[in-house]
Amino acid sequence: MKRAEALAAIYPAIRDDIVVTIMGAVAAELYQLGHRPNFFYLEHAMGLASSMGLGIALCKPARRVVVLDGDGSLLMNLGTLSTMARYRPRNLVHIVFDNESLLSVGGFPTATGTGTDLAAVARGCGVPHVAGVETVESFAREVEAALAGRELATIVAKVEAVGPASFHMDLGLIENRLQFARSLREGS
Amino acid sequence: MPVSVDASRRIYAALKACDVRVISALPETWLVHLIRMAEEDPAMTLVRLAKEEEGVGISAGAHLAGVSSAMLMQNHGLLAAVNPIVSLALLYKIPLLMLISYRGHMGERDPWQTQGGLVTEPLLSALGVPTWTLRADDDVTRRIRDAQTLAHAALHPVAVLLTRDLMWEEATPS
């Protein structure tokens, strides 16, 4: 499956949730589907989107938080799975797009291409609900179940190593940060 | 244990007075009482980390969600967290209140702590992080409050170095 198709399939379900994405293709593709003030694109600090999502989920228990992660980012902060599993906020859904590649920097292969199984790592860390999916249909189904499930979930989606033609987003980093914080203040 | 319970109580009370509601931490000898106090406080969310850099993400998330937080770490934990301090906290103007046990400075007996001790202040200075060095005679409540006030006003990380003078009580000869 293509990540852009997968994102399009779940966009209506997550558009009102607090969403934190990693940098690069994921951010650009979500942005192109339609930016929302409740979306935050972490344009650096690779690996920390899930830690930010955990911090938000613990502070905003009445809101649903969705983290859009990637294999390269998650491999830089594997300990995050053990920390998320330890506190297992019921309002956090962790989606990992695994293209087995550091696409944004030229497509160098990551360790998921040579056997590292991130869903197995998440299970081994104690994440209560884990699924691995390979089609848009199963991805949409699993994400829908996770969003309704009220327990910490990690969904690992195998996607093709292709990205958008342009990563340009007409949104300044600080503009995004201030808008996102205001959106969280104004939500419950 | 010669880690000062009294100093730990004063620091914890100062954090409570600052309305800190989330603390991230990695265990370290000088911080054990503080971590235990956070653990036993039902009004505190304690996030035990696998590595200190996660703490920058936790604090960033908490701040954007409108909640004050603090990070408890050793100075070697600060070294582990440098990239997120730069590429999350400084890049996105996120305040961090970092309480850092200052190992490897004057009086240190453990050789393995000394390199970290030597680079701690130069590193904070290079990062442009305003720093208090907290000693036993200092007004802990006021210094921590002032550090947090600046962090929130400047949307910038600040550091409070917890010295041996404050944290460590030499065993009294019997």
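Predicted model: local features only at pLDDT ≥ 70, side-chain atom pairs only at ≥ 80, totals over all residues.
A charge is taken to sit over a ring if NZ of Lys or CZ of Arg is within 6 Å of the ring centre and within 35 degrees of the ring normal. Arg143(B) lies over the face of Trp132(B), and the distance to the ring centre is 3.7 Å.

Next, display the boundary of the two chains. Chain A and chain B each bring residues to the contact, 29 residues from chain A and 29 residues from chain B. Between them the chains bury about 2,200 Å², and 69% of this lies on carbon and sulfur atoms. On the chain B side, select Glu54(B), Leu64(B) and Tyr92(B): these residues lose the most area to chain A, together 33% of what that side buries.

Now look for polar links across the boundary. The number of salt bridges between chain B and chain A is zero, whereas nine residue pairs are in polar contact across the interface, both residues being at pLDDT 80 or more.

Colour chain B by secondary structure. Strand 2 (45-48), helix 3 (52-64) and helix 5 (82-90) of chain B are the elements giving two or more residues to the side that touches chain A. Helix 3 of chain B gives the most, with 10 residues. By class, the residues of this side of chain B comprise 19 nonpolar, six polar and four charged.

Over all chains, six aromatic pairs are found. Select Phe40(A), Phe180(A) and Tyr92(B), which form one aromatic cluster; Tyr92(B) is also among the residues of chain B that lose the most area to chain A.

Finish with the charged pairs. The whole structure holds 18 salt bridges over all chains. To view one of them, select Glu29(A) and Arg3(A), whose side chains meet at 2.8 Å, N to O. Glu29(A) belongs to helix 2 (residues 25-33) of chain A and Arg3(A) to helix 1 (residues 3-14) of chain A, so the pair ties together parts 26 residues apart in sequence.

Methods. Residues numbered from 1 in each chain as written. Chains lettered and ligands numbered in written order. Heavy atoms only, no water. Contact = heavy atoms within 4.5 Å. Buried area = accessible area lost by both parts, 1.4 Å probe. Salt bridge = Lys/Arg side-chain N within 4 Å of Asp/Glu carboxyl O. Polar contact = N/O pair within 3.5 Å; in protein donor to acceptor, adjacent residues only side chain to side chain. Helix = DSSP H or I, 4+ residues; strand = E, 2+ residues; numbered from the N terminus. Nonpolar A, V, L, I, M, F, W, Y, C, P; charged D, E, K, R; others polar. Phe/Tyr/Trp six-rings, centres within 6.5 Å; stacked < 30°, edge-to-face > 60°.
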